[in-house]
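Before reading my points, please open the sequence and the structure side by side and keep both in view. Each point is meant to be checked against the atoms as you go.

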Amino acid sequence: MEKTCVLVVDDEPIGRETLAENLSEEGYQVVEAESGEAAWRLIDAKPERFDAILLDRMMPDMDGIEILRRVKMRPDMMHVPVIMQTGMTADSDVLEGLQAGAYYYLTKPFSADTLLAIVAAATRDYRGHKELAEEVQRQNRTLSCLVQARFLFRTPDDARNLAALAANAAPEPGRVVLGLSELMLNAVEHGNLAIGYDEKTRLIEEGALHDQIAHRLATAELGARQAELVIERAGDELVFVIRDQGAGFDWRAYLEMSPDRAFDTHGRGIAMSRMISFDSLEYCGRGNEVKAAIRLPAA
């Protein structure tokens, strides 16, 4: 199996070498760049090589924000996670990076455990996106003629597989599948299985999320719950409605990328879906129903 490749960009040799050593010991393939210009040459020459970029914000020749913006402007790198390492933790500074596409953050100084947790989260999310994109390609626009449909799903695997299929109803399935999968996984994990935000953080840190999901799915009460996906072409829109049987949640804080969650290992899915995958996204009632839509091209 090919190693996960991380590009480490830092103009300070000692810091860069320490990062590279920690990541290499964990099994990552590491490529180092001593400046922003050097990093961009590596990225531009072989963009498909990298599964994540660990980027120092403050560098003399080309700062991290400039590299980040260049990366996110490339269609072939739009989803590659960029992890910003910075000592600038004011909300305005973090927000600037979030708006430019740095959805993962490390605050200097940080421990090796924190570094590995954030890199693992970023590369896990990216690996999941690539798997979904590949599955969408295999489905090959199966649902491009769909007018209306209703599906039920119960498990995370159900959610991912159904998202890959349902995305083919859209003109750009590769754009839609990531957001659709995130919203559907939320319906299972947070909705039907009642795994709260702080609890999920702890379970990820302990490496116990998968086991806890399996445990709850095996219980009589939670395991019987089902979530629903409804797809409908309505005028010039393709609308996806996802409902779960959970208690709901206060969704308002999750519609935007927040500096408060920038340093967490999860919590980006709703905002990323709204920013990247859909033209509109809104929650209804107590938060156990979400409606996401894309505009359809004129006939």
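Predicted model: local features only at pLDDT ≥ 70, side-chain atom pairs only at ≥ 80, totals over all residues.

1. Residues are numbered from 1 along each chain as its sequence is written, and side-chain values use heavy atoms, with hydrogens and water left out.

2. Begin with the nonpolar core, a term for a set of buried Ala, Val, Leu, Ile, Met, Phe, Trp, Tyr and Cys residues joined through side-chain atoms within 4.5 Å; buried means under 20% relative accessible area, exposed means over 50%, and partly exposed lies in between (1.4 Å probe, protein chains only). The largest such core has 50 residues, and those that touch the most other members are Leu7, Leu23, Ile43, Ile53, Leu54 and Leu55. Helix H5 (residues 112-139) gives the most to this core, with six residues; helices (H or I, at least four residues) and strands (E, at least two) are DSSP runs, numbered from the N terminus. Apart from this core lies another one, of 46 residues, which includes Leu146, Ala159, Ile231 and Ile294. As background, nonpolar side chains tend to be buried together in soluble globular proteins.

3. Which residues does Leu23 touch, leaving aside those up to four places away in sequence? With contact meaning heavy atoms within 4.5 Å, the partners of Leu23 are Val6, Val8, Tyr28, Val30, Leu54, Leu115, Leu116 and Val119.

4. Asp10, in the loop between S1 and helix H1 (13-25), deserves a careful look. Asp10 is buried yet has no salt bridge, and the nearest side chain of opposite charge, that of Lys108, is 4.4 Å away. Here Lys and Arg count as positive and Asp and Glu as negative, with His and the chain ends not counted, and a salt bridge is a side-chain nitrogen of Lys or Arg within 4 Å of a carboxyl oxygen of Asp or Glu. The side chain of Asp10 does make a polar contact with the side chain of Gln85 (3.4 Å), and a polar atom of the Asp10 side chain lies 2.9 Å from the backbone nitrogen of Glu12. A polar contact is a pair of N or O atoms within 3.5 Å; within protein, one must be able to donate a hydrogen and the other to accept it, and residues adjacent in sequence count only if both atoms are side-chain atoms.

5. How many salt bridges does the structure hold? The count is 22, and one of them joins Arg16 to Glu32, the closest N and O atoms being 3.2 Å apart. Because Arg16 lies in helix H1 and Glu32 in strand S2, this pair ties together parts that are 16 residues apart in sequence. Arg16 is buried, at 11% relative accessible area, whereas Glu32 is partly exposed, at 37%.

6. Asp56 and Lys108 also meet through their side chains in a salt bridge (2.7 Å, N to O). Asp56 lies in strand S3 and Lys108 in the loop between S5 and H5, so the pair ties together parts that are 52 residues apart in sequence. Asp56 counts as buried at 3% relative accessibility, and Lys108 as partly exposed at 32%. Elsewhere, salt bridges that share partners join Arg150, Glu228, Arg243 and Glu289 into one network.

7. Two backbone details complete my note. The peptide bond from Lys108 to Pro109 is cis, with omega near -10°, and Pro109 is found in the loop between strand S5 (104-107) and H5. Ala194, in the loop between helix H7 (173-192) and helix H8 (197-206), has a positive phi of about 55° although it is not a glycine.
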